[in-house]
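I opened my notebook to look up pockets, ligand contacts and aromatic rings. My notes follow.

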Amino acid sequence: MKILITGATGQLGSATIDFLLKKMPADNLIALVRDESKATELKAKGITLRIGNYDNNASLVAVMKGVEKVLLISGNDIANRQKQHENVINAAKEAGVKHLVYTSFMRKNETKTSPLGMVAKSHIETDKFLINSALVYTIMLNNLYADILPMFFGPQVLEAGIFLPTEDGLAAYATRSDMAEAAANILTGIGHENKKYFIANSENFSMDDAAEILSEIKGEEVEYVSPTNKQYLETLLNAGFPQPIANSLIGFCEAIKQGEFATETTDLETLIGRRPTSLQEYFTVVYKK
Ligand code: NAP
């Protein structure tokens, strides 16, 4: 069985390949890469490289020849990725791929009032397009990566505390590595045909919880302050963040505040066969000196 992984030079794609390598020989795996110079590690692991770009349907049909399953990792060009994802799905159909797994995004509010409307829209449309494509599909509705929290906090978090406008909003942050393990298990397991899974931690965390965990790690109080969106925006702009990035960060914080990522689902736990990595475990690895 040949499995093709897109986004293979990215973090989720490369982590999924590492989990797949524990289950099958490298010659079953094909990495779709758009820039071969980024793929030296994949090559060294014995993975077949095929060059293609989500923007170019002809390149995609060629790379998918002889492939049974595809993991489509969502692109990061928010404005254009809906069309890009459709290109990959159309190419998979044309090349005779049997099953396509898509890394989508968890959301509750699918209306224009969603603070993450721009990010969510391409996922909502891709999910629909895939379901209607006649391909066998699995949709992974990924929650927020725990891995984005250190970026949201900033490098001085242990000294300066957490300053984010999320109030007491809960989210089921899960590690990118756990999500990659789930993707590998879906690609190699059975019974995942035409299913949607919520890929989320089995427990929810607030920023107060995060500050408490950081305080335990530091051995001193790490404060959490929830500013207003206006105060946060001013702070970001004064620190030199471009307006679109600042707006996007506020959108994520507002979504967390509104409970968009709070969930009681246990799909990830079932898929990986153990409790997902907690924030406590993740922060201990990141912050413990
Ligand atoms: P990443 O490290 O940025 O990887 C994205 C991958 O997509 C890269 O390999 C990139 O190729 C590839 N790619 C982008 N546009 C492409 C195109 N036009 N043609 C072919 N390949 C293309 O991101 P990640 O951390 O692995 O996360 C995977 C995806 O999850 C992201 O792309 C984004 O959609 C989403 N995401 C989710 C969260 C969350 O919290 N749930 C957070 C951030 C992102 P290059 O290596 O050549 O750039």
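**Entry 1: pockets**

I began with the word pocket: on a 1 Å grid over the protein atoms alone, it is an open set of points where a 1.4 Å probe fits, with protein on both sides within 12 Å along at least five of seven lines. Lining residues have an atom within 4 Å of a point. Grid points are joined across faces, edges and corners, and a volume is the space filled by probe spheres set on the points.

I noted that this is a predicted model, where local features need pLDDT of at least 70, side-chain atom pairs count only at pLDDT 80 or more, and totals for chains, interfaces and linings use all residues. Residues are numbered from 1 along each chain as its sequence is written, and side-chain values use heavy atoms, with hydrogens and water left out.

The largest pocket holds about 1500 Å³ of space. I found 48 residues in its lining, and S74, G75, N76, I78 and R81 lie nearest its centre. Helices (H or I, at least four residues) and strands (E, at least two) are DSSP runs, numbered from the N terminus. Among the elements that each supply at least two lining residues are helix 1 (11–21), strand 2 (29–33) and helix 4 (81–95). Which helix gives the largest share of this lining? Helix 11 does, with 7 residues.

I then sorted the lining by class. Ala, Val, Leu, Ile, Met, Phe, Trp, Tyr, Cys and Pro count as nonpolar, Asp, Glu, Lys and Arg as charged, and the others, Gly among them, as polar. The largest pocket has 21 nonpolar, 20 polar and 7 charged lining residues.

The second largest pocket has a volume of about 350 Å³. Its lining has 18 residues, and F152, F153, G154, Y232 and L236 are the closest to its centre. By class, I read 14 nonpolar, 4 polar and no charged residues there.

**Entry 2: the ligand**

Next came polar contacts (pairs of N or O atoms within 3.5 Å). A polar side-chain atom of T9 sits 2.6 Å from a ligand oxygen. For R34, a polar side-chain atom is 2.9 Å from a ligand oxygen. Q11 uses a backbone N or O atom, at 3.0 Å from a ligand oxygen.

**Entry 3: aromatic rings**

Rings of Phe, Tyr and Trp (its six-membered ring) pair if their centres lie within 6.5 Å; planes under 30 degrees apart are stacked, over 60 edge-to-face, and the rest tilted. I found 6 aromatic pairs in the structure. Y282 and F283 make a tilted one, at 6.1 Å centre to centre and 50° between the planes. F153, Y282, F283 and Y287 form one aromatic cluster. Y282 belongs to helix 13 (residues 279–287).

Is Y282 buried or exposed? The cut-offs are under 20% relative accessible area for buried, over 50% for exposed and partly exposed in between (1.4 Å probe, protein chains only). Y282 is buried because its relative accessible area is 14%. F283 is buried too, at 0%.

Technical notes
A polar contact is a pair of N or O atoms within 3.5 Å; within protein, one must be able to donate a hydrogen and the other to accept it, and residues adjacent in sequence count only if both atoms are side-chain atoms.
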